[in-house]
Amino acid sequence: YDSLTAVTATNEGMYGAKPLREMTRNRNVSVVIGNWRDDGFLSDQTYDVVVADYLFGATERYWAYGADELLGRLLDRVRPGGTLLIVGLEPYELVLDRNEKDDRLVLEVEAIGDAAATAAFEPNYRELPERWIRERIARTTQFNVVATERFPMRLTARSLQRQLVFARDCLVKIEDDGLRAAFEARVRALDKELSVWARKGKSHRRARNYAIVVRRAAQEGEAAPKERKRRFFGKKN
């Protein structure tokens, strides 16, 4: 690439501007702090390739009900003939079965975080399904999905316990003592179940990620390219 622009919402943290600048020093990378909720953010810029790497899953936390507008702004940043690559997590409830013991544990870990965030009046994360992206791209005239792929996702006790950290961070903000105590007890119980997983070396592989490649027509008025039958990401193992 000739140049690359990285976008983040904060200066600190794992994905903040400060560590990103350290990692990309001397690589012709510009790190920009901003929020796509601002309609003027990067409004004068277009790119050959735009990458939304699990961006939609975090949208609800930082821009409630903003996913439709976010997609539109990302598409506006793609030059004619350019590409938008979207990577996301298929919502657990669409692919897992609560009647399966391990699936149920994964669903409960996610649910306790969602419930704690609601009880604490905290903004939350919300994954969007692959279907949602495809349907909205299909409504446009200059863009088309040209390739897709689904990737299996491996969840371990450690990764699920990290999800419980979010629940704990939220539950301490619950004002009602009895409700907060109930959440604390349920989080401890789930953590105990995950400790059993850890001792047994268990992991979960039924969840999945997806990737979608969207191409913009090269010229105004030209039809967007059609989806190809060959795999864009290569063969599965």
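Here is a quick briefing on a pocket, a helix pair and a salt bridge. The model is predicted, so local features need pLDDT of at least 70 and side-chain atom pairs count only at pLDDT 80 or more, while totals for chains, interfaces and linings use all residues. Residues are numbered from 1 along each chain as its sequence is written, and side-chain values use heavy atoms, with hydrogens and water left out.

**Helix 7 and helix 8**
- The axes of helix 7 (residues 157-171) and helix 8 come within 10 Å and cross at roughly 170 degrees; axes are lines fitted to C-alpha atoms over the stretch in contact, and angles run from 0 to 180 degrees between N-to-C directions.
- That makes helix 7 roughly antiparallel to helix 8 (the term covers angles over 145 degrees).
- Helix 7 brings residues including Leu160, Leu164 and Leu171 to the contact, and helix 8 brings Phe183, Leu190 and Trp197, among others (contact means heavy atoms within 4.5 Å).
- By class, the contact has eleven nonpolar, two polar and four charged residues.

**Second largest pocket**
- Helix 5 (101-119) and helix 8 (177-200) each supply at least two residues of this pocket's lining, and helix 5 gives the most, with five.
- The lining splits into three nonpolar, no polar and seven charged residues; Trp197, Lys200 and Glu108 are among them.

**Salt bridges**
- The whole structure holds 14 salt bridges (a side-chain nitrogen of Lys or Arg within 4 Å of a carboxyl oxygen of Asp or Glu).
- One of them joins Arg79 and Asp48 at 3.4 Å, N to O.
- This pair links distant parts of the chain, with Arg79 in strand 4 (residues 78-89) and Asp48 in strand 3 (residues 47-53), 31 residues apart.

Key
On a 1 Å grid over the protein atoms alone, a cavity is a set of points where a 1.4 Å probe fits but cannot get out, and a pocket is an open set with protein on both sides within 12 Å along at least five of seven lines; lining residues have an atom within 4 Å of a point. Helices (H or I, at least four residues) and strands (E, at least two) are DSSP runs, numbered from the N terminus. Ala, Val, Leu, Ile, Met, Phe, Trp, Tyr, Cys and Pro count as nonpolar, Asp, Glu, Lys and Arg as charged, and the others, Gly among them, as polar. Angles under 35 degrees count as roughly parallel, over 145 as roughly antiparallel, 65 to 115 as roughly perpendicular and the rest as oblique.
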